[in-house]
Amino acid sequence: VSDQKPLGCWSVKHGQIITCPVVCNSETHEYVAVHDDKVLRIWKNKDINLDKVFKATLSADVYRIHSLPSGGPVVLFKGGGVRTLDVLLEAPQQEIENIISDEVIKWSEAFVEGQQPVLIFATEKDGDFFVYIQKLKMNSLQKYKLEQQELSKPLSFTAYIKNQIITLLCLYSNDSVYKVLIPLQQNTEEEEQILSKSLLLNLSVSGSVLKGTSFVVLDKDHIAVLGRLAASGEESKECLTIWNTKFQTLQTSKELPLGTSGQLWCYEEKFFFTHGKVLTVIMYKCETSSLAAAVGKLKDSQTPDVSAFVNWNTLGDEELVVSFQSQQSVPLKSESKMTLRSKRNTVAKVQPDTLSVGQLLLNLKDASTTVFEDELRQLMSKAQTPDFQATIGCVVTALINRCKTNPKYYPRNFLLQIVQNRDLSYSLCPDLMAVALEKKDVHLLQICLQRFPDIPEEITYACLKVFLSISEAYLQRIDVNLESVICYIDIEFNNKEVKTEIVENGFNAELEEDIWDTKITKETHLTADGELCPVGPQKAALLNAVLHSAYSETFLLPHLKNLPAQQAVLFLRYLYYLYVKCSEKINTALPGIRSPTINQIMDWMCLLLDAHFTVMVMLPEAKELLSNLHKFVRAQVRFYSELNKIEGSLRELQRLNHQKDPQTYSIEVLELI
């Protein structure tokens with residue numbers, strides 16, 4: 001998640017549907033999924049095709065699989081039956097009992113208490129809600145009926161277990177959260193027990209009411225609720241809110257204008273939720289529950305067990321002070337600013353000579369350009385601290401923010417120096433490449449592509465489009481790192497006449513169609529005796545940086561389809577040129593530093609053809625290129641096919657040579673049959 005890169009992607013066949021969330025078996029490091037309610041699939045990271053992985057068809061429909069830290073996954077069936085995955089795999093077609101008859105499962109959760117797996121699930125039937133607790137090792141089942149609430153019903157559940165007592169929290173449609181305590185000890189009574197509940201929290205503040213959709217427990221005194229905050233006479237707004245249940249106060253909230261799916265997850269002090277089309281991750285840290293903290297009157301954030309609660313945005317003006325004072329990490333997706341309830345009061349009082357990074361950047365906000373850059377250089381020259389990388393990221397962000405407020409200001413050399421000498425990443429300074437694209441600073445973009453491991457595919461595509469669209473004449477005046485091309489690019493290309501011919505041939509949208517066609521013919525005759533590079537060395541070096549950038553095909557392909565046809569043809573011609581160059585070498589490797597590998601070249605050729613195949617076939621200008629590419633690949637396939645035929649003989653020859661005395665001179669003729 002920190003690099004915003006998918007590590008794996010698997011798909012079921014057309015018509016099949018994954019019917020419950022996929023889990024990871026922590027003991028075997030395998031993924032477990034169910035599609036079409038009954039078909040179980042188990043696979044590992046190295047597996048590619050789900051059709052070829054382990055498959056088992058079960059005898060009953062699965063509601064949910066729960067992964068536990070020990071003991072393996074637990075499978076809950078829609079009829080209420082429960083099995084561990086190991087027991088289920090011994091006999092996949094074993095009969096599963098139907099416990100809940102006409103009831104429908106609404107929610108479930110699994111825990112480990114005293115090395116024993118415990119499963120709790122809630123069901124609904126005709127407006128009544130029931131709670132079941134299943135202890136797997138003891139094979140015991142407890143059933144309870146939830147006390148009814150007049151004119152309201154449960155919308156969401158969550159639970160935690162401590163000291164043999166399950167605390168069940170229920171979010172009701174009357175905008176309240178109720179608490180239910182359930183002991184784990186065996187229920188000896190035959191009749192159904194009714195669980196009484198107590199009001200934990202009313203989700204209203206200052207006339208505004210939160211219509212919650214999901215919620216999670218953060219600690220014994222705090223919960224987070226996702227929902228729509230509605231004030232009288234105003235339009236409701238979707239928000240993530242954090243509440244103090246001990247003092248019944250709203251701790252902080254965050255408006256989510258792009259909307260969410262209504263689901264909220266919490267794992268290792270991080271919130272996960274969808275905002276618009278992205279997965280947003282926000283770090284938080286629970287503070288000690290005190291009345292002063294609850295009402296935002298906390299005066300001293302130096303107290304060891306107290307810190308700012310949520311780091312909504314570490315890179316926004318005043319939030320910098322809070323985030324650095326509390327030593328929190330940068331959230332992955334910076335959203336719009338949100339004023340924390342106790343933001344100003346949580347900043348520790350510090351002496352001028354020991355200013356935090358956030359406070360220093362605030363003080364420099366209105367400083368002159370010279371003072372601003374000098375102070376930032378001094379800040380970066382200090383001894384490295386545990387959060388030094390975050391400091392560098394904030395320095396870059398401060399420079400970029402000044403570029404945004406003052407369009408005439410662009411510290412190109414300063415930014416280049418930072419990117420070249422510091423181990424940065426895209427997520428530490430996400431606006432840097434956007435500004436470089438706007439300024440068409442191709443050298444900075446080249447360095448970022450070479451050094452950043454986590455560039456989103458959308459930005460990679462934007463760089464490719466800019467590189468292909470810039471004229472060769474402009475690039476000759478720009479300082480570009482040529483170390484990836486200088487050792488293999490054709491020397492003849494430096495001849496001015498040849499260069500002019502190839503530049504004019506095209507791929508510029510402003511040229512007329514008949515001019516473009518004429519120039520292609522000229523260049524074909526020009527390169528009949530040997531393929532010349534279709535782009536200049538500067539553009540080749542920039543395109544090589546794109547080839548080296550990490551990507552996921554699933555996310556890059558939609559963007560690549562938007563590449564203009566003429567630029568796509570030019571890029572394919574360059575890839576074809578590299579492919580031919582690689583094939584000239586025995587080890588299929590290009591000389592030079594950061595030169596593209598044969599695998600990178602082939603992958604990008606396949607991607608480009610997948611994205612533009614129909615267009616390529618229809619374009620008369622691309623016909624000869626595709627024909628040459630087809631002939632070359634066919635010749636390569638035949639050549640390797642012939643090598644495969646004699647592979648066994650060559651191995652046998654190598655084995656015979658190893659058995660002989662290397663000091664004995666001999667001439668031996670071997671006939672290959």
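**Sheet and surface patch in a predicted model**

Reader: How many bridges join β1 to strand β2?

Author: Strand β2 covers residues 30-35 and runs antiparallel to β1. Strands here are DSSP runs of E, at least two residues, and helices are runs of H or I, at least four residues, numbered from the N terminus. Two strands pair if DSSP finds at least two bridges between them. β1 and β2 are joined by five bridges.

The model is predicted, so local features need pLDDT of at least 70, side-chain atom pairs count only at pLDDT 80 or more, and totals for chains, interfaces and linings use all residues. Residues are numbered from 1 along each chain as its sequence is written, and side-chain values use heavy atoms, without hydrogens and water.

Reader: Which strands are the edge strands?

Author: The open sheet has four strands, in the order β1-β2-β3-β4, with antiparallel pairing. Each edge strand pairs on one side only. They are β1 (18-25) and β4 (54-57).

Reader: Which element gives the largest share of the nonpolar patch?

Author: The patch covers about 500 Å² and is made by Phe639, Tyr640, Leu643, Ile646, Leu650 and Leu653. Two or more residues come from each of α18 (623-645) and α19 (647-659). The largest share, three residues, comes from α18.

Reader: Why does phenylalanine 639 count as partly exposed?

Author: Phenylalanine 639 lies in helix α18. Buried means under 20% relative accessible area, exposed over 50%, and partly exposed in between (1.4 Å probe, protein chains only). Phenylalanine 639 counts as partly exposed because its relative accessibility is 47%.

Terms used
Patch = residues over 30% accessible without salt bridge, like charges linked within 9 Å, V, L, I, M, F, W, Y side chains within 5 Å. Areas by Shrake-Rupley, 256 points an atom, 1.4 Å probe, with all protein chains shown as cover. Salt bridge = Lys/Arg side-chain N within 4 Å of Asp/Glu carboxyl O.
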